[in-house]
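Student: I have not looked at this structure before. Could we go through some of its parts by question and answer?

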Amino acid sequence: MVYPHGGAFPCGAPAQPVLDGSRLARLGDVVVVTVNHRLNVFGYLCAQDCKDARFADAGNVGMLDLVAALKWVREHIGAFGGDAGCVTLFGQSGGGAKVAILMAMPAAEGLFHRAIVQSASSGFLVQEPDEAARSTRRLLDQFGLGSSQFTELQNVPAERLLAAMQAVVATEGGHDQFRPVVDGRSILRQPFFPDAPEQARHIPLLIGSTGSEATYYLADNVANFALPMASVRARIKRFMKLDDAQTDAVIAAYARHHPGAAPSELLTAIASDHMYRCPTLVGAERKTEQGGAPVFVYEFAWESAAMDGMLRSPHTAELPFVFDNLGMAARFTGNGEAEQSLAQRTALAWTRFARTGNPNGESLPAWPAYDLERRATMRLDLEPRVVDDPNGDDRRTMAEFPHFLPGSAITFRAD
């Protein structure tokens, strides 16, 4: 089981204690591999305007690092007791996005056999070349360099490169284009648009999100959980890039679907759906429409008691459970028998899927493969159960609005 870390594309590392794979390896009898790779300006600097062939792959070298890691696994994992013919990619947030992108990269074909995508947002869409090239030109401008002067850029200290990248992102209002790009070389097309990648037709997919993703981004200020409607309206309009009429329409629809919900609860539901749940479901739909290998969809619905319960089930909530590491996140998860049972159920489902391409087993109720009629979803909670098309009204409402775009600033966090 190979884990590319989260942190979107500018940051992150696999060395966090909660990502220690020791307990998962013992529980599921698997080999867990976590990897580092190039990030931000070092991993994703689009060289569309540069004529020097040495830099032709600069826009996706971070993803190519992951391909190199998978090739290493193919060649050497047997020495660690692993099976090179049964490799599962699993990742959360930016790591989940990387899994989705690798499913569409020709260089990664045949290097893995199952895919688990946890709470990915923009992995199903990547940067278009003109967008990425514009940010590269602005970064070069910071040093008075022209579009082909990549050799000169190599002489700039790393700290100055990072500062220049941050300045470019700031001038773009927080929109970050230093991410994977359709470069016509490593990434030939959008990974899941207009359809799922043909090369991954045979790869089973386990995919899902948490119950209230957006509370992760609101938790730095408790006032975010008691906002007036005017503030919620302004944040939704800015985040989803809507006009006044569209903003009123999406809020009114969610208010109908969640009677009695406070304004901050509506913000959480709308932001979570726009950024995570609905892109996740689009990925599941595309893969299901393709046929071939099955898709299994989950919602991690367990809710934390931390912050007086305000967090509910935020982005990253499933990680201590997937890795069976509740002891390393006890202030968030607790470590009672019920929580430990859910951790073992979740971890065993992940490792069963890694071994067989199917998460079903004794620790969970029967988990049907996803289809576009029933939309069966495993709701992972203290008492896991299958729910058909959970919050389907919200899903249908969000489908009427533009998709969340890669690199979009998370502007719902503050006024």
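This is a predicted model: local features need pLDDT of at least 70, side-chain atom pairs count only at pLDDT 80 or more; totals for chains, interfaces and linings use all residues.

Student: In which helix does Q340 lie, and is Q340 buried or exposed?
Tutor: Q340 lies in helix α14, residues 337-356. Buried means under 20% relative accessible area. The relative accessible area of Q340 is 19%, so Q340 counts as buried.

Student: How is strand β4 joined to β5?
Tutor: Strand β4 covers residues 114-118, and β4 and β5 run parallel. One of the pairs is I116 with its bridge partner L206 in β5. The number of bridges that join β4 to β5 is four.

Student: Which residue in β6 is the bridge partner of L206?
Tutor: Strand β5, residues 205-210, pairs with β6 in the parallel sense over six bridges. In one of the pairs I207 has V297 as its partner in β6. For L206 the partner in β6 is F296.

Student: Which residue in β7 stands opposite V297?
Tutor: Strand β7 is made of residues 376-380. Four bridges join β6 to β7, and the two run parallel. The residue in β7 opposite V297 is T377.

Student: How many residues of β5 are buried, and how many of β6?
Tutor: In β5 the count is six of six, so β5 is largely enclosed by the rest of the structure. Strand β6, residues 295-300, is also largely enclosed, because its count of buried residues is six of six.

Student: Which residues of β6 lie on each side?
Tutor: In a regular strand the side chains alternate between the two faces of the sheet. In β6 both faces are covered, and the residues on each are buried. One side has V295, V297 and E299, and the other has F296, Y298 and F300.

Student: Turning to helices, at what angle do the axes of α5 and α7 cross, and what is the handedness of the crossing?
Tutor: Two packed helices are described by the angle between their axes and the distance between the axes. The axes of α5 (residues 129-141) and α7 (residues 158-171) come within 9 Å and cross at roughly 125 degrees. That angle makes α5 oblique to α7. The crossing is right-handed.

Student: Which residues make the contact of α5 with α7, and how do they divide by class?
Tutor: From α5 come S135, R138 and L139, and from α7 come L161, A164, M165, V168 and T171. By class, the residues of this contact are five nonpolar, two polar and one charged.

Student: How do the axes of α9 and α10 cross?
Tutor: Helix α9 spans residues 229-240 and helix α10 spans residues 244-257. Their axes come within 10 Å. The crossing of α9 and α10 is right-handed, and the angle is roughly 115 degrees.

Student: Which residues of α9 and α10 meet, and what are their classes?
Tutor: In α9, M229, R233, I236 and K237 take part, and they meet D244, T247, D248, V250 and I251 in α10. The residues of this contact are four nonpolar, one polar and four charged.

Student: What is the relative accessible area of V232, and which residues does V232 contact?
Tutor: V232 is placed in helix α9. Its relative accessible area is 0%, so V232 is buried. Leaving aside neighbours within four places in sequence, V232 is in contact with L227, P263, S264 and L267.

Student: How far apart are the C-alpha atoms of V232 and I203?
Tutor: Along the chain, V232 and I203 are 29 residues apart. The separation of their C-alpha atoms is 40 Å.

Student: Where is P194, and what joins P194 to F193?
Tutor: P194 is found in the loop between α7 and β5. Omega between F193 and P194 is about 5 degrees. The bond that joins them is a cis peptide bond.

Student: Is N391 buried, exposed or partly exposed, and what is the value of its phi?
Tutor: N391 is in the loop between β8 and α15. With a relative accessible area of 38%, N391 is partly exposed. Its phi is positive, in a residue other than glycine, and near 50 degrees.

Student: What is phi for N40, and is N40 buried or exposed?
Tutor: N40 is in helix α2, residues 40-43. N40 is not a glycine, yet its phi is positive, at about 45 degrees. Its relative accessible area is 9%, so N40 is buried.

Notes: Residues are numbered from 1 along each chain as its sequence is written. Side-chain values use heavy atoms; hydrogens and water are left out. Axes are lines fitted to C-alpha atoms, for helices over the stretch in contact, and angles run from 0 to 180 degrees between N-to-C directions. A crossing is left-handed if the near helix is turned anticlockwise from the far one by less than a right angle, and right-handed if clockwise. Contact means heavy atoms within 4.5 Å. Ala, Val, Leu, Ile, Met, Phe, Trp, Tyr, Cys and Pro count as nonpolar, Asp, Glu, Lys and Arg as charged, and the others, Gly among them, as polar. Angles under 35 degrees count as roughly parallel, over 145 as roughly antiparallel, 65 to 115 as roughly perpendicular and the rest as oblique. Buried means under 20% relative accessible area, exposed over 50%, partly exposed in between (1.4 Å probe, protein chains only). Two strands pair if DSSP finds at least two bridges between them.
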